[in-house]
Amino acid sequence: MLNGRLTAYSGMTTKIRAMKKNLISPAQYEEITGITSVPDLISYLQTFPSYAGVLSNMDASQAHRGEVEGRMTFSTYRDFSKIYHFAGNSQKRYLEFYFMQYEIVTLKTCMRNIMDSRNTALPVLVDKHFKRHSKLNIDHLIGSSTMEEFIENLSGSIYEKPIKKVSLLENPNLFDYEMTLDLFFFNYIWNHMNDFVPKGEKKYFINIFGTQVDLLNILWIYRMKHYYTVTNSQIYSFLIPINCNLDHTTIKDFVEAESDDIFFQTLDTCYYGRVYGFNHVDDLETQFGGILNEIYTKDFKESPYSLACINAYLHLKNLEVAKVVTAMECIRYGYKPDAISHYINRKKGVL
């Protein structure tokens with residue numbers, strides 16, 4: 001089995017190791033902390049081959065977070081395309097999992113341009129490879145000026161039914177559409193994992209995807225209980241109906257916790273509290289990101305010639321984008337280098 005995986009993944013793993021060398025280094029992050037303006041940050045990023053193209057032809061003085069983040073996310077898709085080029089048939093099937101995420105990002109951007117009048121239109125970045133790969137008519141979707149037209153242009157796609165269902169609600173908003181797409185994604189991937197996860201490698205997929213779902217559910221429960229007035233029944237409706245290392249009883253304990261103290265007692269005694277431990281200094285998102293980072297790293301070290309190498313690299317790339325966007329916001333608000341470094345280093349993983 002190992003020899004078979006070595007043959008199947010040797011070219012891809014070699015390519016990924018080479019790509020990893022082009023990620024932003026600790027020394028370069030240190031340079032970023034000394035940058036004092038967003039235009040200067042964008043100019044600095046344009047010196048990196050992975051960002052030069054996607055950040056070109058933009059007015060750095062007027063750039064806002066949404067536009068920069070969208071362009072950098074597209075650079076992640078371009079890295080995906082390079083990996084796809086070196087993939088065999090079974091790896092290409094697995095990469096459909098990641099491609100679906102990029103499709104959904106594109107759909108969300110289109111919907112924001114239609115529904116959120118507060119923002120100027122965000123760029124919808126796709127290339128020839130994306131259009132060939134996607135079964136959607138991207139150009140028609142980008143050109144949609146109303147949600148009715150957008151839904152019509154989704155006709156025949158796997159996204160049509162969930163989006164149309166939301167449109168039938170009374171006064172649906174952008175949050176309703178985006179949350180529905182997220183829930184659809186997690187359910188679709190979980191229920192179709194046998195269609196795209198290579199035989200004998202399911203544990204690497206479940207290990208990371210199932211953990212991500214568990215941690216997202218915990219995080220969403222905490223935010224809804226802590227920051228909003230939401231009933232328990234409403235909380236249940238927003239949760240991803242998938243359980244990996246959390247049983248229904250534990251989820252119930254989180255949802256029905258009557259105070260933060262009881263919530264965190266449940267957190268400490270659940271699977272993730274027992275295995276990884278939590279502190280009362282860092283926020284939940286930081287600690288949950290650290291758990292995901294630990295799993296990605298451990299899986300890759302144990303099995304570099306498996307889909308774990310794909311997972312680990314794309315995790316690092318997504319994390320890089322998150323760190324740069326964090327640095328950009330810190331620079332925009334005039335934070336000192338030490339503070340910028342603090343917020344960059346808090347980013348351990350992306351949920």
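**Notes on aromatic pairs, a cavity and a loop residue**

1. Let's begin with Phe97: at a relative accessible area of 5%, Phe97 is buried. Please keep in mind that this is a predicted model.

2. Phe97 has a ring partner in Phe185. Their ring centres are 6.0 Å apart and their planes meet at 10°, so the pair is stacked. Phe97 sits in helix H6 and Phe185 in helix H11 (residues 174-191), so the pair ties together parts that are 88 residues apart in sequence. Phe185 counts as buried too, with 7% relative accessibility.

3. Phe185 also pairs with Phe186. Here the centres lie 5.3 Å apart with the planes at 65°, so this pair is edge-to-face. Phe186 is buried, at 7% relative accessibility.

4. Across the whole structure, the search finds 37 aromatic pairs.

5. For another aromatic feature, look at Tyr29, where Lys323 lies over the face of the ring, 5.2 Å from its centre.

6. Now to the cavity. The count comes to 1 cavity of 30 Å³ or more, and the largest cavity has a volume of about 30 Å³. Its lining is made up of Tyr204, Ile208, Ile295, Tyr296, Asp299, Ala308 and Asn311. Helices H13 (202-227), H18 (284-302) and H19 (307-332) each give two or more residues to that lining, with the largest share, 3 residues, coming from H18. By type, the lining residues divide into 5 nonpolar, 1 polar and 1 charged.

7. Finally, Asp116 is in the loop between helix H6 (89-115) and helix H7 (128-133). Asp116 counts as buried, at 11% relative accessibility, because buried means under 20%. Setting aside neighbours within four places in sequence, Asp116 contacts Met111 and Leu174.

Methods:
Residues numbered from 1 in each chain as written. Predicted model: local features only at pLDDT ≥ 70, side-chain atom pairs only at ≥ 80, totals over all residues. Heavy atoms only, no water. 1 Å grid on protein atoms, 1.4 Å probe; cavity = no way out; pocket = protein on both sides within 12 Å on 5 of 7 lines; lining within 4 Å. Points joined across faces, edges and corners; volume = space filled by probe spheres on them. Helix = DSSP H or I, 4+ residues; strand = E, 2+ residues; numbered from the N terminus. Nonpolar A, V, L, I, M, F, W, Y, C, P; charged D, E, K, R; others polar. Buried < 20%, exposed > 50% of the residue type's maximum accessible area, 1.4 Å probe, protein only. Contact = heavy atoms within 4.5 Å. Phe/Tyr/Trp six-rings, centres within 6.5 Å; stacked < 30°, edge-to-face > 60°. Lys NZ or Arg CZ within 6 Å of the ring centre and 35° of its normal.
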